[in-house]
Amino acid sequence: MVSTENKTVPDILAVQVNELQALQKELSGAQGNRRQFAQQHSENSMVLKELEQLDDSSSVYKLIGSVLIKQGLLEARGNVTKRLEFIQDETDRLDKNIRKLENEQDVKHKEVRVRTRVNRSPYRSDSFTSISGHWTKADVAQSLNKT
């Protein structure tokens, strides 16, 4: 939360908008990473299905650089399974982070909306006037902490 002492409403609003934009950028990056992991999971799932269809006498080759190296079928299945587990763990971690960022973004968006409404008030001055009475900057800051 931004300290509201000795700051004007437009200054506080500018800081909150910058914080909201930073959250949106971080969320966008996390969602991009999530899509990438989903694609990798899909590809590796298809590879595992193909490996499961092979009989035990089949030869499997792994591409390392520009060279194909023979690999045991059980070892290949194990490697792909471990890779799928890793991808699933990372996807779960990203999903949790995305939910957290979305919640933070919602809170920050509400703060900016409230601040914008206060800033557009025709009664605006060093303190804020409402129809029902007089609001100080501290009252506005306290109401923002409740949302």
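Predicted model: local features only at pLDDT ≥ 70, side-chain atom pairs only at ≥ 80, totals over all residues.
Across the whole structure, five salt bridges are found. One of them joins the side chains of Lys 108 and Glu 19, with an N to O distance of 2.5 Å. Lys 108 belongs to helix H2 and Glu 19 to helix H1, so this pair ties together parts that lie 89 residues apart in sequence. The two partners fall in separate accessibility classes: Lys 108 is buried, at 9% relative accessible area, and Glu 19 is partly exposed, at 29%.

Another salt bridge pairs Asp 95 with Arg 34, whose closest N and O atoms are 2.6 Å apart. Because Asp 95 sits in helix H2 and Arg 34 in helix H1, this pair ties together parts that are 61 residues apart in sequence. Asp 95 has a relative accessible area of 22% and is partly exposed. Arg 34 is also partly exposed, with a value of 26%.

## The surroundings of Lys 108

Lys 108 also forms a salt bridge with Glu 111, and here the closest N and O atoms are 3.1 Å apart. Both of these residues lie in helix H2, with a spacing of three residues, or about one turn of the helix. Glu 111 and Lys 108 are both buried. For Lys 108, the class follows from the cut-off: buried means under 20% relative accessible area, and Lys 108 stands at 9%.

Through its two partners, Lys 108 is part of a network of salt bridges that links Glu 19, Lys 108 and Glu 111. Side chains of opposite charge can pair when their charged atoms come close.

## The largest pocket

The largest pocket has a volume of about 160 Å³. Its lining consists of Asn 44, Val 47, Leu 51, Val 60, Tyr 61, Lys 62, Gln 71, Ala 76, Asn 79, Val 80 and Arg 83. By residue type, the lining divides into six nonpolar, three polar and two charged residues.

Three elements each supply at least two residues of this lining: helix H1 (9-53), strand S1 (60-64) and helix H2 (73-119). Helix H2 gives the most, with four residues.

## A nonpolar patch on the surface

Tyr 61, Leu 63 and Leu 68 form a nonpolar patch on the surface. Together these three residues have about 360 Å² of accessible area. Tyr 61 is also one of the residues that line the largest pocket.

Leu 68 is located in strand S2, which spans residues 67-71. Its relative accessibility is 57%. Since exposed means over 50% relative accessible area, Leu 68 counts as exposed.

How values were computed: Residues numbered from 1 in each chain as written. Heavy atoms only, no water. Patch = residues over 30% accessible without salt bridge, like charges linked within 9 Å, V, L, I, M, F, W, Y side chains within 5 Å. Areas by Shrake-Rupley, 256 points an atom, 1.4 Å probe, with all protein chains shown as cover. Salt bridge = Lys/Arg side-chain N within 4 Å of Asp/Glu carboxyl O. Buried < 20%, exposed > 50% of the residue type's maximum accessible area, 1.4 Å probe, protein only. 1 Å grid on protein atoms, 1.4 Å probe; cavity = no way out; pocket = protein on both sides within 12 Å on 5 of 7 lines; lining within 4 Å. Points joined across faces, edges and corners; volume = space filled by probe spheres on them. Nonpolar A, V, L, I, M, F, W, Y, C, P; charged D, E, K, R; others polar.
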